[in-house]
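Hello,

Here is the structure you asked about. My notes follow below it.

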Amino acid sequence: MITITIDGKKISFERPVTILDAARAAGIHIPTLCHHDILKPYGGCRLCLVEVEKVPKLQTACSQYVSDGMVVRTETEKVVDARRAVLEFLLINHPLDCPHCDKAGECELQDLAAKYGPAMGRFAEGKRRYPENLEDPLIVRNRERCILCLRCVRMCDDVQGASALSVTGRGSKSYIEPFSGGAYDCEYCGNCLAVCPVGAITSRTHRHGFRPWLMEKEVETVCSYCGVGCSLVLQVRNNSVVRSVPRSGLGLNRGLLCSKGRFGYDCLNYGDRLDAPLMRRNGVLERVTWTEAINCIADRMKEIKRENGSDAIAGIVSGRCTNEDAYVFQKFFRGAIGTNNIDSVAGMAYGPAQRFFEKILVQGVTANPIQGISDSDGIFVIGGDPTAINPVLGLQVRSASKKGVPVIVVGHPGGLKRYSKRAFIMNSAAETVFLAALVDEIKRRRPLPGERPVLEEIINGFRPAPLEDASKMSGFGPNDLVDTAHALSNMSRPSIIIGRDIVQTDTGHMNLLFLAALTYLLNGRIYLLSELPNEQGVLDMGCQPDMLPSGRPLTVETFRKRCEETLGIIIPPAPGLSYAEMTEAAHEGRIKALYVMGEDMVLGLPDSNYVRGALRNIEFLVVQDRFFTETAKYADVVLPALSWAEKEGSYTNLERRIQLTRKAVEGESIEEWKVISEISKTFGLHMGYRSAADIFSEIARVSQIYRELTLEGIADGKSVWPYRGGPLRYDMHTEGTKLPDIVSVMEESGMSGVHVRREAHLFHSQNASRYSPALLSITPEPHLKIGDILADRLSVKDGDRVKVSTDAGSIVLSARRDPCLPDNVVLASTFDGGGIFEITKWRVNPITKAPASDVNGVVIDKEEAITVLHKDRADSLVGG
Amino acid sequence: MREISITGGEPLTRKKTALSNKILRELNDLKRKYDNERFSLLPALYLFQREYGWLSAEALEKVGEILGVPKTTVKSVSTFYAMFRHKPMGRHLIQLCTNVSCMIMGCERLTDILKTRYGLGPNATTHDGRFSFLVMECIGVCDIAPAMVVDTDLYGNLTEDSLIGILERYE
């Protein structure tokens, strides 16, 4: 026990803490500048100086640890004098341009000078002059205001791990800059500007437009970009969101955000929002009233139901819809239309993967807290770059790596390049063979745990390919494979991080089985990367063709009956069509009416031409979206939707945390659930909800996994399912699963030539970021990453235009050289419609029902003069 | 420890700062010398400066890439030290001491000569790219003041005539 006295107060601690933390515990405020809760103690600014008895010099409270019997005084004359002096030194160079500084009003230096310091320095010499740097599209640097506390550099190095900022020069002539000295070449997380205590690093998105004292309200909510679900605060003025900021004590992101969360909020204020329903009359979409639109939908859907039966109607939900919207949507389809043809974007990869792992391994194996990643003793990443798809989760991987935890990546390492021990990039067939070889090698090193006999039987019975063949096909030496297997075998509690690209491929079902075997052998925990904020939620809500709310199979009569009784509806007993199957059915003319809520199918599904064909074949298409999307162009009725910041609701993140999204601004539309319940009324199904809370309480009644929760109750962000230990899901039997004969994969794959894979982009999140000017300013167009060897062969430089062609057509993309890539794999970003989905062939995996997102045997040419001749065509292809 | 080789990984000869086999070998030796790759940062920077005369942004990037140190860290370290040069230098570098002993012993006359004869002021390079001139703080040979270092050769007890004579030897 350590007992110390601070300003006369006695206080005891179990473990040594810093004087600063001790003072805080005693309720005593010590001013700081370079200290920040997220960062390690630094002791650079000398503002937290305190007097310690028997120590001749003043001590920095932020870095000095307490010891037993210490007597500390925090506000003596000597201390106050020293603080005043420090502040005066800072004011030698810090300009007093507060009136037009964006930081004014929330500037820590301003506050401290007001409390302790002189208003200005006594220095007669001039201040240091540097022009403000406006070269970057998003971040403004003002070196004059910088006080060199190095919070930004430490944030960038130690926490974000991007190492994009550093100090140039020495002493009073030093300043902070990115490597280029001008524009940033970084991840644009903006965490540097968040920790800057003064106005040296500011955001351009609200430049000279933000005044903290003019904000009308601050709304705590959850980010709507990816499946991590970071908490953020939206600052609102004049019914418009001026800034989104994290709070250090709030949510699982603990004060951090990524580029999308910090800058992507501006899609809320994007000009081309839909504000009235549109209806197709004589081939043209015209503005109509809500009543007209709703009546039209009701009439046409009833007509189609009468003529073609309920199963000719289908519905698709986006992973951006709230739980409440998704729940009402499936209730409408099951209860009013009478079909189970409901699926979501999560049905493409996240859903099948989760279902498979939970089925074959154990319930909840994919439900793990994100913070757990940094506590694991090994990390295996496959199918996507976590630092791009779920950046705040990716930081956990980096933080583990810094502690010495080995990180092994299969696929492009992306933001984990400096943090991974090994990265293996190859085509998708080779990945399957590689995984099989790993499972076989690990099997020899680790005993089977004896927990799941079914899976052990599969693992024991599986015939791997000879190591030499596997190594030849993957392009890595046998030693690489053996070493990797050895490294994995040494892990006792690894995190297995899985992205959707491993599922969305021809051999996706095999990959899942091998990954399950790997997880089982290594006693791992699975993290499924989720590109949308509510993929988990829409699954939980029953937006699946064969599952009821709470993930219970609809084919089991007792579950169906219980659900029918609680809701007072009749649910058809036969499972409906999955997302991919619906698209196929539409293509074949079996789906006559389709209701798409929040999803842009043309850009979201591989093979855009196939999807366009499917949409054209649909007799009656309803699209409900915030923007006039590519899919909306084919619609018969377009309904405007509200964004996540304009309504109440809840999101369930990838770790199953159910979080509240609050209304920050008034939108120019009606909540989706309200619109659907209006349509439902015409079918005779009265839902009678008055608010999102009403819907949530019904969800809590019908769903075992949301039971006893209320919308107000989840506001603390601590509601994670499964909880209280009870079984939540029906334990499904594993039948008919067997590990594939890997030799046949090698023979049948036929993967030769250049293989194009999808690249999930850090600055873009499927199609929502298309409407964020800030995110577009960082990366305005999609690009193709080419390895050096291939690029040299084609004599392609960064920024050159290249044409990527398959049988399905060709696209023109801007090239980026990437030294990591081998010569037979290229990566294409898919945002904004210019990506590979234009030239992917429609292939659906029969087992996972996931459409493949990769394409093999592409031809890449450099576009020379042709680009100029056919510029319009190239532009139209690039622009989608 | 990662080996550097011309064949494996990224071809190092691609960029303008083409790396000779010699420098690669030396870098490999350096990396073997230290446990931590960061420790070889300063010697690696010296190596590059010796080879190219100065440290271009590309060179800094390359050093970072080879040692596995972020390029921003490399820049930060290299700009901290006054003897790393960050702009192109002439074929020969004159580093003339102007600190106390050399000043007393008349280094000012020498700087005047550089100005009048070669048109060379401090921190400048002649038009023909032959000489660059940097003013040095003490090079530690006060006994032979005034002194200078040309490239890696030390000269002391300089006079106007001896300075001109010495410089004539550097083409």
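Lys561(A) and Glu564(A) sit three residues apart in helix H18 (residues 557–567) of chain A, about one turn of the helix. Helices are DSSP runs of H or I with at least four residues, strands are E runs of at least two, and both are numbered from the N terminus. The two residues form a salt bridge, with the closest N and O atoms 3.4 Å apart. That term needs a side-chain nitrogen of Lys or Arg within 4 Å of a carboxyl oxygen of Asp or Glu. Lys561(A) is partly exposed at 37% relative accessible area, whereas Glu564(A) is buried at 10%. Buried means under 20%, exposed over 50%, partly exposed in between (1.4 Å probe, protein chains only).

This is a predicted model: local features need pLDDT of at least 70, side-chain atom pairs need 80 or more, and totals for chains, interfaces and linings use all residues. Residues are numbered from 1 along each chain as its sequence is written, chains are lettered from A and ligands numbered from 1 in the order written, and side-chain values use heavy atoms, without hydrogens and water.

Lys862(A) and Asp800(A) also form a salt bridge (3.5 Å, N to O). This pair links distant parts of the chain, 62 residues apart: Lys862(A) is in strand S34 (residues 855–862), Asp800(A) in the loop between helix H26 (788–793) and strand S31 (801–806) of chain A. Lys862(A) is partly exposed at 21%. Asp800(A) is buried at 14%.

In chain B, Arg50(B) meets Glu51(B) at 3.1 Å, N to O, in another salt bridge. Over all chains, the search finds 62 salt bridges.

Best wishes
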